[in-house]
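Happy to walk through this one with you.

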Amino acid sequence: MYSNLDKMKKHNFSAGPAILPESVKKQAAKAAYNYKNKGLSLMEMSHRGKDFVGILENTESLVRELLNINDDYAVLFLTGGASTQFYMAAMNLFKDSDKVGYVDTGVWSTKAIKEAKNYCKLQVLASSADKQYSYVPKKYSIPAGLKYLHLTTNNTIYGTQLKSMPKTKVPIIADMSSDIFSRPIKINDYGLIYAGAQKNVGPAGVTLVIVKKQLLGKTKRFIPTMLDYQTHIAKGSSFNTPPVFPIYVTMLNLQWIKSKGGVKAMVDRNKEKANLLYEEIDQNPFFVCPVAKRDRSHMNATFQLTNPKLEKKFLAACKKAGIEGIKGHRIVGGFRASMYNGLELSSVKALTKVMRSL
Ligand SMILES: *Cc1c(COP(=O)(O)O)cnc(C)c1O
């Protein structure tokens, strides 16, 4: 079943939906056809049945174990993507009169701001729009009385990443869609964390939300049942039919992370890949990286050709080497290599080889 595919193997640098480890894909393929030799696909099985209930519990406990999440926090598996969390988080946490700070580090923060400003007194505390989001603002002050601080921890499109969180007692709301499970977190710094799965967690279709329970139920506004975190907490992410198969594949991927040594091991794994690529970009006269050195993302590296006329040649060479998903986001142009947990060092080596041979 897999032998042909092994021969066609690609180096997948896509930004999302993104790479999953080989072993995860193989297990998922089996479960999609015949789950545990039960003669049924997991996709055909009840979300109330013993099998899936076990999968859901196991996935939650892996999230808790890998990120060291205590019982003050609920772990939810929702739908609607990170884009739904832009307003769902705001609706559930903010009162109209609350002062809430947002840091604008790119497209996703801008979208989050647009959705949240209807639910609070929103202040944009800092923005890197002045330099095409090529850096992460650090020197901004946290106003007195701020209720929450919203941050995008990794800017998937521009290739910047927060290397450390600001020192503040204000609970942080973090969009970690593109770097969750790539490094340890200090959970008590956060009020809420959200992440669409399709970058570094699993397939598209499930959204991970980690929320501090005591922050909920305080807004007094009407929240539709499906958009109320408390609905999903009370029903263990199964108020309605959860995205069964994406949750299963998420579980497999978390098991893979655990087997590799957990998120601490992912730090080293990702640093090694990122260092190799950024070193090549910096020393290769054909390429430049637009991002400030200390803010360069270990997940998504953006880079450009010094001579844009070579683009066709470079892309053709990439294609020949089996390199996929290297084109930059349409609003940034250039190139982007996404190096999520699942990507092997050998793929980055294949890319740098092509870059050197240009
Ligand atoms: C991809 C992405 C989103 C949007 O995610 P959806 O699940 O497609 O809604 C939001 N924030 C960041 C940082 C992303 O990378």
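Angles under 35 degrees count as roughly parallel, over 145 as roughly antiparallel, 65 to 115 as roughly perpendicular and the rest as oblique. This is a predicted model, in which local features need pLDDT of at least 70, side-chain atom pairs count only at pLDDT 80 or more, and totals for chains, interfaces and linings use all residues. Numbering starts from 1 along each chain as its sequence is written, and side-chain values use heavy atoms, with hydrogens and water left out.

Q: How are α7 and α8 oriented to each other: roughly parallel or roughly perpendicular?
A: Axes are lines fitted to C-alpha atoms, for helices over the stretch in contact, with angles from 0 to 180 degrees between N-to-C directions. Helices are DSSP runs (H or I, at least four residues), numbered from the N terminus. The axes of α7 (residues 244-259) and α8 (residues 262-283) come within 7 Å and cross at roughly 75 degrees. The two helices are therefore roughly perpendicular.

Q: Which residues of α8 make the contact with α7?
A: Contact means heavy atoms within 4.5 Å. From α7 come Trp256, Ile257 and Lys258. Their partners on α8 are Gly262, Val263, Met266 and Arg269.

Q: What is the volume of the largest cavity?
A: On a 1 Å grid over the protein atoms alone, a cavity is a set of points where a 1.4 Å probe fits but cannot get out, and lining residues have an atom within 4 Å of a point. Grid points are joined across faces, edges and corners, and a volume is the space filled by probe spheres set on the points. Residues lining the largest cavity include Ile19, Asn253 and Tyr340. Its volume is about 30 Å³.

Conventions
1 Å grid on protein atoms, 1.4 Å probe; cavity = no way out; pocket = protein on both sides within 12 Å on 5 of 7 lines; lining within 4 Å.
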